Amino acid sequence: MARSGLAPAARVAHWADAALRLGRDGANPDGKGTLSGETAERAAADLGLTAAQVRADWDTARLAGLVEVHGGTARPGWRLRAWDRDDSAVLRGWVALFDAWSLARPEPAGHEAAAVAEVVSAMPQVLSFLQLSAGPVPVEQLLDLLEQRVTELRTERCEIPYGPQPVPVAAPSPPAPPEPTDAPLSPLLDWALRALASVGALTYGDGQATLTPLGNWAVWVKLEQICVAAQSPAGNIEQAAEDMLRGCAQLRPNAARAEYRAWLAARPVGSAVTELLGAARGEDALLRGLAFEALRVVGAPAEPDVRSVADEPTLRPYALLWLAEHDGIDPEDAHEVLTREEATWLWVDTAAAVADHGEAPMLVRHLESAVQPTVPMLLDEVRAVGHPRTVQVLVALAAAHPDPALAKAVRRAAFQVHTGGS
């Protein structure tokens, strides 16, 4: 259902990618990622559609992430690239469209922005009720529920209840007649149901609404995400990425992944990925490794961002390993995508994390993970790789190693890096 529902949008997006060379030839002269009138007419002629259909399908493609707008330029999204080979990409695209249902149709005129926002905030409860009903629900019943929920939202903000309110009596003047504080919500409910129907979440007509199987699944997934977020094992949901990662540092791998999932479920994927990469750019090597572990939980939606940081020296080895595993390479073999220099840089970075947060025996055992067959070769290549923590790592390793001769060689290497000697 998701594939058939998004097929027209994918068709226009594929056409634009081929005909306009999206992201390369400036296909978006208005700087907003929308199609010009000339382009819409050209697409309509090529695809046998009207210009209005092209514009609508293009808007759907943007909302579903088939097309992404970066700095005013439209580019093919990862979901479009994966359209033919990955059903999960299609499904994620539809979920993105479902999340953006309020943008799918223009809101009715004559309503204050605050009232529209309240209806959007209240609709999850309406959708949950539709799911629990497991069948058609009269619009009148949904309207009652919507009004109750809007009243609750206003009460939570300590505002006046929804509906007409009496004016307090001020003696000796007679009481004034009650005046309505808001316009009726029925037009806004009608708009919301039509918008949700346009994205395929429900059917709407004959005075009733019914969730589609796809809509039912989406509501169930959202409820599950809320439950997961509410059951964060370590209570780090509200923390920033850096603090969340520090909170996961002492957890076992399975518990840490559960925490990552809860943290991710509580925020938009795009902003979560940006925040994790920001934490990875910091000076703490431990957080760098943990950030990419969290990005493994994100999966495919993180691919464009991870790929974009592969040229940053600090993140490159981690990004290359992530991408290799994402492409299906066994994690045990993924290190083969790294050059010798990249593998050495990663060894030093990981050693820095162990030195800062681990115990001395762990640092000694870390020697075994080096790609170099001998310690002298490792020291030569470590000195050449230029990691900013090289001296501290070598000093810590020399202090931890039980072999006096090897410890002396490591200290000598640290001194040479420190003084710039050879």
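Modeller: Start with α16, which gives eight residues to the lining of the second largest pocket, the most of any element. This model is predicted: local features need pLDDT of at least 70, side-chain atom pairs count only at pLDDT 80 or more, and totals for chains, interfaces and linings use all residues. Residues are numbered from 1 along each chain as its sequence is written, and side-chain values use heavy atoms, without hydrogens or water.

The second largest pocket holds about 1000 Å³ of space. (A pocket is an open set of points on a 1 Å grid over the protein atoms alone, where a 1.4 Å probe fits and protein lies on both sides within 12 Å along at least five of seven lines; lining residues have an atom within 4 Å of a point. Its volume is the space filled by probe spheres set on the points.) The lining counts 37 residues, and G289, L290, E293, Y318 and T350 are the closest to the centre. (Helices are DSSP runs of H or I, at least four residues, numbered from the N terminus.) By type, the lining of the second largest pocket has 23 nonpolar residues, eight polar and six charged. (Ala, Val, Leu, Ile, Met, Phe, Trp, Tyr, Cys and Pro are nonpolar; Asp, Glu, Lys and Arg are charged; the others are polar, Gly among them.)

Now stay with α16 and turn to charged pairs. D356 sits in this helix, and R389 sits in the loop between α18 (375-385) and α19 (390-400). D356 and R389 form a salt bridge, with the closest N and O atoms 2.9 Å apart. (That needs a side-chain nitrogen of Lys or Arg within 4 Å of a carboxyl oxygen of Asp or Glu.) The pair links distant parts of the chain, 33 residues apart. D356 has a relative accessible area of 41%, so it counts as partly exposed. (Partly exposed lies between buried, under 20%, and exposed, over 50%, with a 1.4 Å probe and protein chains only.)

Next come the loops beside α13 and α15. E312 and R281 form a salt bridge, their closest N and O atoms 3.0 Å apart. E312 lies in the loop between α14 (303-308) and α15, and R281 in the loop between α12 (269-280) and α13, so this pair ties together parts 31 residues apart in sequence. Both are partly exposed: E312 at 27%, R281 at 43%. Elsewhere, a network of salt bridges links E242, R246 and D284. The whole structure has 18 salt bridges.

Methods: Helices (H or I, at least four residues) and strands (E, at least two) are DSSP runs, numbered from the N terminus.
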